[in-house]
Amino acid sequence: MTYFNIAMLIIVAAYAIFVIIYAVLMRKIKSNFSQDNNSITTDITKQVFYKIIEAYEKAEPSIAKNWLSSNYYESLKNEINQLNAKGIRRIIEIKPTPVEDGTAPSDEPSLTVATGFYMEEGKNKAVQMLASYYGDDYYVDSNGNRITKATYKNDHRSITFIFVKSVTHTDSEKENYICKNCGNPLQINGDKLSCPYCSTIYNVGDYDWSLAYDNTSVERNNTSKAKAMLPLIIIIPAFLLMFFGAWWMTFIPAIPICAYFTTIFMKSKKMKENISALVAKDSLFSLDGMSQRSDRLIKKVKYAKLNNNLLQVKPFCTEHMYNKLQDDKYDICGLLHDNITFSVNTIGMRQYFEGDGIQYVTVEVKLSVFNFNTGKESKQKITATFARKDGVQTNSYCGVINVECPNCMASIDVGEKAKCDYCGTTIDMINYDWVLHDIF
Ligand SMILES: [Zn+2]
Ligand SMILES: [Zn+2]
């Protein structure tokens, strides 16, 4: 071995130590998120999930309505209506945990729920509930035949549910509690609320939560193994070159690796600069929050255009976006079609700029798109720009927000439509939260 080889070995060892320390630190940070403070119980989370499954299975969104924020309910209703029009149903099956040692699996459904982080954001409290199960999630046609092509039928699935509750909620309101399950008045027994009709029991602290957002990730055994091998395929030849090749050959693998990390570094540096410019003005701004807004708002405009109901989303769009939506040829990057459903996976910050008293944020949005004609899921990347009035602060989690009517002072839930139920005044959402400015 030459000195050069030894130097390389030291660098590789240092890198390995760095990776280990990083992994340990991340674990620590993750566990700090867990907090049980005033959180919705795991039992209620399971109950809500089963209601959603039933709503999909029976194509009846109202089954889950009482548990959902108006945002979430609108999006569930739109999705089920779209499926219903094509005679398609979504089936979510929770199966027992598979066993590898050959013993018979128990019949117990594998669904487990843990409490994630708890936070207060402006007018909302939010709690993250982390569910996971083994099972299947697929579509069937009107004859009950499976449309979804993927054949992995017992994947491990993780769902992040986010429940929100108004911070102004007080215990004095509990006289008015009605059962979310059957709609009858609840009786109070100490810190429990019980339904005399359907026997559901709630903790007082559980009660006002409603589900505002969920995000599913699937672990597929077959693909994850192949993916784990990929770095090895690159690293092993690189090592062979380092130790057995001529000294200059070391640079052959080093060049693409350095180039790769440099691009990632530059990208994240730019991203951090943009985000910190915003956080300086609005300490609660977060990419997670923008990801949830992207999912909700892009679905909102899709269904408004699909259902010829554009006027309803006008308050959630800038004039530029609204004009674009009115163009018959504009298909929202292919997302408009009634043979696809989609959900936002992640977003990345691209640009932040200001003009004429408006803040603009451009993000790259990565979507999972399911196509009913092919039965396949694919990935798609689009770019979206959001706008809000300069000076507006993030004051809601997942965009679940109550606004005071500027005309009659009534409190309006602007999740579904930005209009006062009492006096008919339309609320211009750009004064309260991010609205869509462009999708391209
Ligand atoms: Zn009941
Ligand atoms: Zn009003």
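This is a predicted model: local features need pLDDT of at least 70, side-chain atom pairs count only at pLDDT 80 or more; totals for chains, interfaces and linings use all residues.
Within α5, the buried residues are P253, N274, I275 and L278. Here is a handy rule for reading such a list: an α-helix has 3.6 residues a turn, so residues three or four places apart point the same way.

Now to the metals. Which protein atoms hold each zinc ion, and how are the donor residues spaced? The table sets out both sites.

| Zinc ion | Protein donors | Donor distance | Spacing along the chain |
|---|---|---|---|
| ligand 1 | C179 (SG), C182 (SG), C195 (SG), C198 (SG) | 2.2 to 2.4 Å | C-x2-C-x12-C-x2-C |
| ligand 2 | C405 (SG), C408 (SG), C420 (SG), C423 (SG) | 2.3 to 2.4 Å | C-x2-C-x11-C-x2-C |

Take the zinc ion (ligand 1) to begin with. Its four donor atoms subtend angles of 101 to 119 degrees, which makes the arrangement tetrahedral. C179 sits in the loop between β4 (155-166) and β5 (187-189), while C195 belongs to the loop between β6 (192-194) and β7 (201-203), so this pair ties together parts that are 16 residues apart in sequence. Both C179 and C195 are buried.

Next comes the zinc ion (ligand 2). Around this ion the four donor atoms subtend angles of 105 to 114 degrees, so the arrangement is tetrahedral. C408 is found in the loop between β12 (402-404) and β13 (411-413), and C420 in the loop between β13 and β14 (435-439), so the two tie together parts that are 12 residues apart in sequence.

C420 counts as buried, because its relative accessibility is 4%.

**Empty space inside**

Finally, a look at the gaps. Rolling a probe the size of a water molecule over the atoms shows where empty space is left. How many cavities of 30 Å³ or more turn up? The count is four, and the largest cavity holds about 60 Å³ of space. This largest cavity is lined by 12 residues, of which R296, F316, M429, D433 and W434 are the closest to its centre. Sorted by class, its lining has seven nonpolar, three polar and two charged residues.

How values were computed
Residues are numbered from 1 along each chain as its sequence is written. Chains are lettered from A and ligands numbered from 1 in the order in which they are written. Side-chain values use heavy atoms; hydrogens and water are left out. Donors are N, O and S atoms within 2.8 Å of the metal (3.2 Å for Na, K and Ca); water is not among the atoms, so sites may look incomplete. Four donors count as tetrahedral if all angles lie between 85 and 135 degrees; four count as square planar and six as octahedral if opposite donors are over 155 degrees apart and all others between 65 and 115; anything else is irregular. Helices (H or I, at least four residues) and strands (E, at least two) are DSSP runs, numbered from the N terminus. Buried means under 20% relative accessible area, exposed over 50%, partly exposed in between (1.4 Å probe, protein chains only). On a 1 Å grid over the protein atoms alone, a cavity is a set of points where a 1.4 Å probe fits but cannot get out, and a pocket is an open set with protein on both sides within 12 Å along at least five of seven lines; lining residues have an atom within 4 Å of a point. Grid points are joined across faces, edges and corners, and a volume is the space filled by probe spheres set on the points. Ala, Val, Leu, Ile, Met, Phe, Trp, Tyr, Cys and Pro count as nonpolar, Asp, Glu, Lys and Arg as charged, and the others, Gly among them, as polar.
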